[in-house]
Amino acid sequence: MKAELETTGNERPHAESTEPFLLNEDQQQLRRAIRAFAADEIAPNVSQWDENNEFPLETIRKLGAMGLLGILVPPQYGGAGLRYVDYVLSIEELSAVDGSIGLTLAAHNSLCANHIFLAGNEAQRQKYLPRLASGEWLGAWALTEPGSGSDASNARTMAEKRGDRYVLNGNKTFITNGRYADATVVIAVTDRKRGTHGLSAFVVEKGTNGFRPGKKEKKLGLCASDTSELIFEDCEVPAENLLGAEGEGFIDAMRVLDGGRISIAALAIGIARGALEAAVNYVKQRRQFGKAIAEFQGTQWKLADMATDLDAARLLTLRAAVLKDAGRKTTRESSMAKLFAGEAAVRICDQAVQLFGGYGFIKDYPVEKFYRDVKLCTIGEGTSEIQRMVISREILNVYPSRG
Ligand SMILES: Cc1cc2nc3c(=O)[nH]c(=O)nc-3n(C[C@H](O)[C@H](O)[C@H](O)COP(=O)(O)OP(=O)(O)OC[C@H]3O[C@@H](n4cnc5c(N)ncnc54)[C@H](O)[C@@H]3O)c2cc1C
């Protein structure tokens with residue numbers, strides 16, 4: 001038994017033990033580069049940012065210089081033009097060190113920039129995407145309101161057309177990057193009678209009259225990410241900032257979420273991997289009853305379940321990413337990845353804290369932060385319950401009753 005626990009000094013991090021057969025050399029290189037950046041520039045600051053609720057804008061700008069704020073944006077708009085698989089790897093690597101960075105990039109890339117790319121006209125793409133992709137501008141995406149979260153189409157923020165402008169009134173809540181964003185995609189009601197076809201999307205720039213951030217939320221976890229209320233009071237937005245067709249903003253938002261949910265799955269995988277790797281190191285060193293706690297079968301079975309959950313989550317997420325890269329509709333696959341990865345990651349982080357015992361509860365050790373951070377993954381971009389609704393709706397559509 002003891003021999004099995006001895007280290008060779010040559011172990012690969014968990015992520016590399018499973019995927020070389022799935023990833024090409026460029027993707028493995030991308031992962032190594034981000035891992036090195038995270039180790040040098042993020043890891044030394046994680047505790048301070050977390051404890052001070054400090055948004056690390058300078059670090060985000062450096063990630064922009066590396067191309068990570070325009071990962072999915074095509075090169076003609078100044079982006080890196082990479083694929084969803086690359087995006088998943090990037091978010092996982094960053095989130096294994098700090099989920100707050102992963103969430104910040106997820107909101108910027110797959111929500112804000114991607115909505116502008118998917119629904120925007122050529123002039124809007126030319127105006128906004130190069131700035132977002134370079135990191136000169138930070139992006140946010142605002143759908144949720146105090147009274148409408150899961151039931152997002154029931155939004156109350158109004159956008160009334162007056163001549164060559166729309167006038168926005170209302171509040172958005174829980175918006176990632178809200179107070180720092182230079183460009184925010186806002187979903188608002190243009191015709192209440194038309195239901196899901198009565199909402200439209202607008203780009204609202206920082207400094208627009210009548211637009212300001214409200215309360216900055218204090219959170220359970222992901223404390224270095226910004227989560228803010230947004231307030232619109234007679235906020236006049238030029239009609240040219242309407243994204244896509246009037247009335248199609250909510251439908252476009254649902255398409256955007258098909259990509260966004262893949263990024264939340266990647267966030268979950270990253271946080272869970274960080275927790276698992278910390279736990280594996282700890283159980284080899286911590287001794288009780290005269291031996292390393294890694295030698296107890298109870299510990300080994302926990303690690304086996306954690307690693308299996310993690311790999312299953314990663315494979316579901318890579319499947320969704322591969323299908324997205326192939327241009328397929330991934331509503332079902334994205335929701336499955338997000339649902340499973342979010343819930344598996346919560347289980348993994350819970351067990352990591354358990355394996356650390358009392359030290360798992362103490363801030364000197366890394367797992368209490370992973371435990372706090374990970375819970376967002378079953379809530380943001382649609383709760384687990386909403387993912388189950390989406391998946392079952394897709395299944396029932398695909399396999400209609402023959403009765
Ligand atoms: C840190 C953070 C960052 C966020 N970032 C953003 C962002 O950038 N942009 C943005 O627009 N939003 C953002 N959100 C909002 C997030 O997407 C919502 O919180 C989420 O969709 C849930 O909405 P809610 O909080 O209003 O909960 P509710 O919708 O009120 O849900 C409460 C509970 O009821 C359940 N429930 C609701 N309806 C049903 C149903 N039909 N069947 C079964 N159960 C149901 C839910 O699953 C949940 O358990 C963020 C939230 C957080 C916490």
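Over the ring of which residue does the charged end of R347 sit? The charged end of R347 sits over the ring of F340, 5.8 Å from its centre; a charge counts as over a ring if NZ of Lys or CZ of Arg is within 6 Å of the ring centre and within 35 degrees of the ring normal. The model is predicted, with local features needing pLDDT of at least 70 and side-chain atom pairs counting only at pLDDT 80 or more, while totals for chains, interfaces and linings use all residues. Residues are numbered from 1 along each chain as its sequence is written, and side-chain values use heavy atoms, with hydrogens and water left out.

**Charges and rings**

- R131 lies over the face of W137, at 4.8 Å from the ring centre.
- R347 also meets D309 in a salt bridge between side chains (2.9 Å, N to O); a salt bridge is a side-chain nitrogen of Lys or Arg within 4 Å of a carboxyl oxygen of Asp or Glu.
- This pair links distant parts of the chain, with R347 in helix α11 and D309 in helix α10, 38 residues apart. Helices (H or I, at least four residues) and strands (E, at least two) are DSSP runs, numbered from the N terminus.
- R347 counts as partly exposed at 39% relative accessibility, whereas D309 is buried at 15%. Buried means under 20% relative accessible area, exposed over 50%, and partly exposed in between (1.4 Å probe, protein chains only).

**Salt bridges**

- Side chains of opposite charge can pair when their charged atoms come close.
- By the rule above, the count comes to 28 salt bridges.
- One of them joins the side chains of R314 and E92 (3.0 Å, N to O). R314 lies in helix α10 (residues 297-325) and E92 in helix α6 (residues 84-97), so the pair ties together parts that are 222 residues apart in sequence.
- R314 is buried, at 2% relative accessibility, and E92 is buried with a relative accessible area of 2%.
- Another joins the side chains of E93 and R273 (3.0 Å, N to O). E93 is in helix α6 and R273 in helix α9, 180 residues apart, and both residues are buried.
- Salt bridges that share partners join R35, E92, E93, R273, E277, D311 and R314 into one network.

**Aromatic pairs**

- The structure holds 11 aromatic pairs. Rings of Phe, Tyr and Trp (its six-membered ring) pair if their centres lie within 6.5 Å; planes under 30 degrees apart count as stacked, over 60 as edge-to-face and the rest as tilted.
- F55 and Y180 are stacked, at 4.3 Å centre to centre with 20° between the planes. F55 is in the loop between α4 (46-51) and α5 (57-65), and Y180 is in the loop between β3 (165-176) and β4 (183-189), 125 residues apart.
- F55 is buried, at 8% relative accessible area, while Y180 is partly exposed, at 26%.
- F211 and F232 are also stacked, at 5.0 Å centre to centre with 10° between the planes. F211 is in strand β6 and F232 in strand β7, 21 residues apart, and both are buried.
- Ring pairs link Y282, F356, Y359 and Y365 into a cluster.

**Helix α13**

- Helix α13 (residues 384-398) has 15 residues and reaches 21 Å from its first C-alpha to its last, close to the 21 Å expected. The expected span is 1.5 Å times one less than the number of residues.
- Its buried residues are S384, I386, Q387, V390, I391 and E394.
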